[in-house]
Amino acid sequence: MIKNKTAFVTFFPIVPNNMGSSTVVNSRFSSWPKEKKLFQISHIKKINNKNIKTIFIKKETPIKKILKLPSLIIEIFKYIRFSKNKIIIIEGASWIFYSFMTIFFLKLLLPDCKIIYISHSIESDIRKKYSNKFIYFLTKFLEKLVFKFSNYSTSVSIKEKNRIYKIYKEKTKIFPNGIDINEKNLKKTQSRFYIIYCGSYLYKPNKDAIDFLNQIIMPAIIKKFPKIKLILTGGGYNKNYPWLINKQIVTKENLYNLIYNSSCMCVPLKFGTGTRIKIIEALTLGTIVISSSKGIEGIKLNKKNPPFIANDKKQIIKALSIVLKDFDTLKKKSKNDKFFYKKNYSMKNISHNFIKSNLGKYFNEY
């Protein structure tokens, strides 16, 4: 009998790695000790090997995902049933219904398993703003049960921890978002006169931010800097503007090079929960960041200016003007600060500390 096995469970594609949530999960998976396997529902590619099991669907829709849950649960059961210590990590960056059903049936099949629910955000808050009342109340009801019946549930920051307790009266462990970036493939380019925004237009908070950039910010900023461009990554956007370079979905290596070589990342988010991994990535790469208070919420800052906190049109245009006029000096500051962010948001360090504090009895080396 193998003493420890850990199953990582996601309801969205993790491999190939092409979005913020997948970056966090991949980093957590890579940093996790002992035997482990990733179980993913994916419409992108069917990948099956020693470390990955893919439940493939042609198109990601709620109904199709629900119909694939039995297959997912069976594969997890087959992998982990003979392990002495059965640890199942549910990555919560999807509709809470999938997490609830998976936890419910795995607890029935494997009463001795330990469920860790990783809360990437407070989903009921998102559903309250962007979904109908039925979905909101169903989500809130199921989210409370998921927090209650998981052996360990987590939040990404103290603010999220307090918010979860306020809504559900459930205590969570803090497990911050983090990444471990390999900088070997970064290539410095001559052309850096562009602003970057990363995120799928299909996600409503990103949609609002992208529309704000294209309709409000860029028409004003090109009057001062006519050659400046805006690069978008993440897909889902099909409009054209003279200043726009739409890269759609790019590989993680290309994304990091685009962020690294940009004049700055601008994130004018008005709504969101959790912490924005795109901002952590940028700070870790030494990129100048301009963000709303909501966008940078929950991220521990070394200092400010950079990163710049700007919450309306006037503040954002002012910050962009400062960055574009004095780029070299501000870039040097950001490069110096990146070591602070690499240390504080290293998933290897974060996972080590979480395991040591909560799961030490299952992992002797901790």
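Predicted model: local features only at pLDDT ≥ 70, side-chain atom pairs only at ≥ 80, totals over all residues.
Me: How far apart are the end C-alpha atoms of helix α3?
Reply: Helix α3 runs over residues 96–109, which makes 14 residues. At 1.5 Å a residue it should span 20 Å. The model agrees with that expectation, as the end C-alpha atoms of α3 are apart by 20 Å.

Me: Which residues of α3 are buried?
Reply: Buried here means under 20% relative accessible area. In α3 that applies to Ile96, Phe97, Tyr98, Ser99, Phe100, Thr102, Ile103 and Leu106.

Me: What covers the buried residues of α3?
Reply: The cover includes both strands and helices. Among the strands are β1 (4–10), β4 (85–91) and β5 (114–118). The helices include α2 (62–80), α4 (123–130) and α5 (133–149).

Me: How many cavities of 30 Å³ or more does the whole structure have?
Reply: Rolling a probe the size of a water molecule over the atoms shows where empty space is left. A search of the whole structure at the cut-off of 30 Å³ or more finds this number of cavities: two.

Me: Which helix gives the most to the lining of the largest cavity?
Reply: The largest cavity holds about 50 Å³ of space. Its lining consists of Leu283, Thr287, Pro306, Pro307, Ser334, Asp337 and Tyr341. Three lining residues come from the helix that spans residues 327–344. That top contributor is α11.

Me: How many charged residues are in the lining of the largest cavity?
Reply: Four lining residues of the largest cavity are nonpolar and two are polar. Asp counts as charged, and Asp337 is in the lining. The charged count is one.

Me: How many polar residues line the second largest cavity?
Reply: This cavity holds about 40 Å³ of space. Its lining includes Gly199, Gly234, Gly235 and Gly236, along with Thr233, Asn246 and Gln248. Gly counts as polar. The lining has four nonpolar and no charged residues, and its polar count is seven.

Me: Which residues lie nearest the centre of the second largest pocket?
Reply: The second largest pocket holds about 240 Å³ of space. Its lining has 14 residues. By class, four are nonpolar, seven polar and three charged. Nearest the centre lie Asp180, Ile181, Asn182, Lys252 and Tyr256.

Me: Which element supplies the largest share of the lining of the second largest pocket?
Reply: Two helices, α1 (20–31) and α8 (252–260), each supply at least two lining residues. The largest share is four residues. It comes from α8.

Key:
Residues numbered from 1 in each chain as written. Heavy atoms only, no water. Expected span 1.5 Å × (residues − 1). Buried < 20%, exposed > 50% of the residue type's maximum accessible area, 1.4 Å probe, protein only. Contact = heavy atoms within 4.5 Å. 1 Å grid on protein atoms, 1.4 Å probe; cavity = no way out; pocket = protein on both sides within 12 Å on 5 of 7 lines; lining within 4 Å. Points joined across faces, edges and corners; volume = space filled by probe spheres on them.
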